[in-house]
Structures are given as C-alpha cells and as structure tokens.
Amino acid sequence: GKVRVNGEEVRRLPIFIDPEQDRVEVEGRTLRGPERTMYLMVNKPAGVLVTAADEPGMDRRTVLDLIDHPSASRLFPVGRLDWETTGLVLLTNDGEMANRLTHPRYGVVKTYEVGVRGIVDESAIGAVADKYELQARREDEEMGRESKGEIKPSITLSHSSKDGSVLRVTLREARNR
C-alpha cells in the first residue's frame, strides 16, 4: 500500500512503468522522472583542477566552479588535465558515456596539442616517444600489470616558429605525468 502508479495502489508485482509518462508515488511522495542527460564543454584555464571537489582544506578552483548551471552539483568531469594545462574538458551526468571515453579497455584515442619552447626536430620527437613508452612499461612492471597493445604515442610536429613548437600527441592510453 505504500506505492501508487498513476494514482492506483500497487498490490502485485511485477509492474512495468514508462518513466517518461507514468507518475510513481512512494509513501505519498512523487518520484522524479529520469534526469536529463547533459554534456557540457568547458575550456579549462591554467590553475584549475579537473575534479568535482578539491581535497578538504585546499580550496582550489575546480572546473565545476567555472559553470553556473542548476545541474552543476550532479555533473562530473570526463578525464583529466593537469593543473597548468589548458584545454577542452567535458562535464556530464552520463556515467556510461564517461566510462566508455576514459577506461583503457575501450581504446579511445586521445589527441593533444602541446606547446613547447624551442624548435623541435625529429630526433627529439623520437626520444620523447621512446621515453614515454619506457616509463609506461616500467610503471606497468612496478604495478604488476601486463603492458597491453601499443603504448608508444604518435607524436608529429604541427608547426614551429622562433617562439616555440606545437606537437600533436596521440595516445591510446593516457598515463600520469
């Protein structure tokens, strides 16, 4: 007698409802319908954390502090960018989509544009890719994980000038640092 669907008391189970159309009450309180799925793109500036909440007592700005939206408390960031890194961050309340984009098992390729000082030549690009792969394999070994698939990033020179170079770095699996 505690559950009503469209005003009628439910006495037998199972009962199937359409959450878009049926009104469900439990102990006189109407349950809200399904939450609207949201996807927001945020251009993260430097000095902002990509997390829903900072550690207690730290009081640093997070990407959620950058938006003024009624659903902000139910959003979370997809992936990570370092403290000083700028760029696109997705915010959503869609956990399944976030998992498919971030979990290594799905192999979603991620491409970053990285600005560096100086003019970068092909040998330096190769050295950075080799160092990344070596560090990733060492980390896997220390953690007792088996390195799977291609770890080495694809790095190409997008353009360069006297002020610096821009590299396009494509990763199959993002690693810390």
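His103, Pro104, Arg105, Asp140, Arg145, Glu146, Ser147, Lys148, Glu173 and Arg175 line the second largest pocket. A pocket here is an open set of points on a 1 Å grid over the protein atoms alone, where a 1.4 Å probe fits, with protein on both sides within 12 Å along at least five of seven lines; lining residues have an atom within 4 Å of a point. About 210 Å³ of space lies in this second largest pocket, a volume being the space filled by probe spheres set on the points, which are joined across faces, edges and corners. Sorted by class, its lining has seven charged, two polar and one nonpolar residue. In this sorting, Asp, Glu, Lys and Arg are charged, Ala, Val, Leu, Ile, Met, Phe, Trp, Tyr, Cys and Pro are nonpolar, and the others, Gly among them, are polar.

Before going on, a word about the model. It is predicted, so to speak of local features a pLDDT of at least 70 is needed and side-chain atom pairs count only at pLDDT 80 or more, while totals for chains, interfaces and linings use all residues. Residues are numbered from 1 along each chain as its sequence is written, and side-chain values use heavy atoms, with hydrogens and water left out.

Now let us visit the backbone. Pro14 sits in the loop between strand E2 (8-9) and strand E3 (24-26); strands are DSSP runs of at least two residues, marked E and numbered from the N terminus. The peptide bond leading from Leu13 to Pro14 is cis, with omega near 0°. Glu27 belongs to the loop between E3 and strand E4 (29-30), and Asp59 to the loop between strand E5 (39-44) and strand E6 (76-78). Glu27 counts as exposed because its relative accessibility is 55%, and Asp59 is exposed at 73%. The cut-offs are under 20% relative accessible area for buried, over 50% for exposed and in between for partly exposed (1.4 Å probe, protein chains only).

Glu25, within strand E3, is buried, with a relative accessible area of 14%. Its side chain makes a polar contact of 2.6 Å with the side chain of Arg23. Such a contact is a pair of N or O atoms within 3.5 Å; within protein, one must be able to donate a hydrogen and the other to accept it, and residues adjacent in sequence count only if both atoms are side-chain atoms. Leaving aside neighbours within four places in sequence, Glu25 is also in contact (heavy atoms within 4.5 Å) with Lys2, Val3, Arg4 and Thr30.

What about the interior? The largest nonpolar core has 12 residues, among them Met38, Val48, Leu64, Ile67 and Leu91. A second, separate core of 10 residues includes Tyr132, Ala136, Ile151 and Leu167. A nonpolar core is a set of buried Ala, Val, Leu, Ile, Met, Phe, Trp, Tyr and Cys residues joined through side-chain atoms within 4.5 Å.

Finally, consider two residues and their partners. Thr37, in the loop between E4 and E5, touches Asn93 and Asp94, not counting residues up to four places away in sequence. Ile155, in strand E9 (residues 154-161), is buried at 14% relative accessible area.

Terms used. Helix = DSSP H or I, 4+ residues; strand = E, 2+ residues; numbered from the N terminus.
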